[in-house]
Amino acid sequence: MDTVLDGQPHERSNVSLADRAHNIRRHALLMGEVQGQGYIAQALGIADVLAVSYFHALTYRPDDPEWEGRDRFLLSIGHYAIALYAALIEAGVIPEDELTSYGSDDSRLPMSGMAAYTPGMEITGGSLGHGLGIAVGMALGLKRKSSNSFVYNMFSDGELDEGSTWEAAMSAASFGLDNLIGIVDVNGMQADGPSRGVLNFEPLAPKFEAFGWFVQRVDGNDLNALVEAFDAARTHAGACPRIVICDTKMAKGVPFLEARERNHFLRVEADEWRRALADLDEGRLQ
């Protein structure tokens with residue numbers, strides 16, 4: 001299944017999820033080249049999750065981002081904005097020619113995501129640890145309106161360090177929010193170093209289970225596993241929130257960037273952008 005528009009399959013449903021993920025990575029690299037730096041490794045790592053989100057799981061209208069019947073996709077991790085822009089470009093919510101304005105004055109694509117600027121961006125997620133709380137409130141509001149829409153909230157393993165995340169997790173289960181699906185990007189790296197070295201959150205799945213969530217943990221770069229997990233999250237019969245813990249590889253698809261020891265924020269030399277695109281395309285052909 002590809003994107004669902006008001007209950008109808010997307011007209012470009014012949015495009016595979018693998019192609020969608022590849023295109024999302026390309027869009028992100030092209031935007032990164034505009035500034036010469038950015039949170040590129042996260043965008044490359046989470047591209048498969050975004051492809052499954054926007055071209056398999058979510059219901060939305062590209063030409064009407066505020067349609068009331070849409071599923072809400074919340075990006076708690078504001079600095080991942082380049083990844084979400086890439087997905088919104090691929091989905092047709094944002095025109096592709098806008099990617100060259102990334103991070104520039106008066107652009108609708110600022111380097112950190114802001115809901116007031118960008119179509120399809122539901123929240124401003126710059127202060128980490130707040131997204132899941134907003135998602136709980138949004139899901140509760142939709143429940144009270146008898147809406148069938150789901151709220152998806154993507155957050156990072158670094159946000160597991162925040163007490164507000166766990167307060168929201170407890171609240172979601174207490175309210176029985178079966179219309180809330182959390183997505184955790186466990187890429188193992190944050191600004192101060194390896195995530196588990198900063199504050200060890202493992203074992204993670206049993207923690208969410210103890211908080212009353214339906215939990216799945218998958219390889220976040222395995223499209224088939226992601227499809228199965230997202231389907232199971234949406235159709236689970238229990239009156240509880242659901243979460244998909246996604247183990248991803250930073251800079252996935254560009255080997256020389258994957259190999260960098262510290263890649264939370266990448267500065268890439270001018271000649272390396274072409275190499276990154278070439279490596280990405282070569283890997284897609286293999």
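Predicted model: local features only at pLDDT ≥ 70, side-chain atom pairs only at ≥ 80, totals over all residues.

Is Ala83 buried or exposed, judged by its relative accessibility?

Modeller: Ala83 has a relative accessibility of 3%, and because buried means under 20%, Ala83 counts as buried. Ala83 lies in helix α3, which runs over residues 81-91, and, once its neighbours within four places in sequence are set aside, Ala83 is in contact with Ile24, Ala43, Ile46 and Leu50. Arg144 stands 61 residues from Ala83 along the chain, and the C-alpha atoms of the two are separated by 32 Å.

Helix α2 covers residues 40-57 and deserves attention next. With 18 residues at 1.5 Å a residue, α2 should span 26 Å, and the 24 Å between its end C-alpha atoms agrees with this.

The next topic is a pair of packed helices. Helix α4 and helix α5, the latter formed by residues 163-174, pack with their axes 8 Å apart and at an angle of about 25°. Because angles under 35 degrees count as roughly parallel, α4 and α5 are roughly parallel to each other, and α4 passes α5 in a left-handed crossing. On the α4 side, Leu132, Gly133 and Val136 meet Thr165, Ala168, Ala169, Ser171 and Ala172 of α5.

The backbone also calls for comment. Most residues other than glycine have a negative phi, and most peptide bonds are trans. Ser146, although not a glycine, has a positive phi of about 60°; this residue sits in the loop between α4 (131-144) and β5 (151-156), and at 64% relative accessibility Ser146 counts as exposed. Ala251 likewise is not a glycine and has a positive phi, of about 65°, and its place is in the loop between β10 (242-247) and α9 (255-258). Ala251, however, is buried, with a relative accessible area of 0%. Finally, the peptide bond joining Glu202 and Pro203 is cis, with omega about 0°, and Pro203 belongs to the loop between α6 (195-198) and α7 (204-210).

Methods: Residues numbered from 1 in each chain as written. Heavy atoms only, no water. Helix = DSSP H or I, 4+ residues; strand = E, 2+ residues; numbered from the N terminus. Buried < 20%, exposed > 50% of the residue type's maximum accessible area, 1.4 Å probe, protein only. Expected span 1.5 Å × (residues − 1). Contact = heavy atoms within 4.5 Å. Axes fitted to C-alpha atoms, helices over the stretch in contact; angles between N-to-C directions. Parallel < 35°, antiparallel > 145°, perpendicular 65-115°, else oblique. Left-handed = near helix turned anticlockwise from the far one by under 90°.
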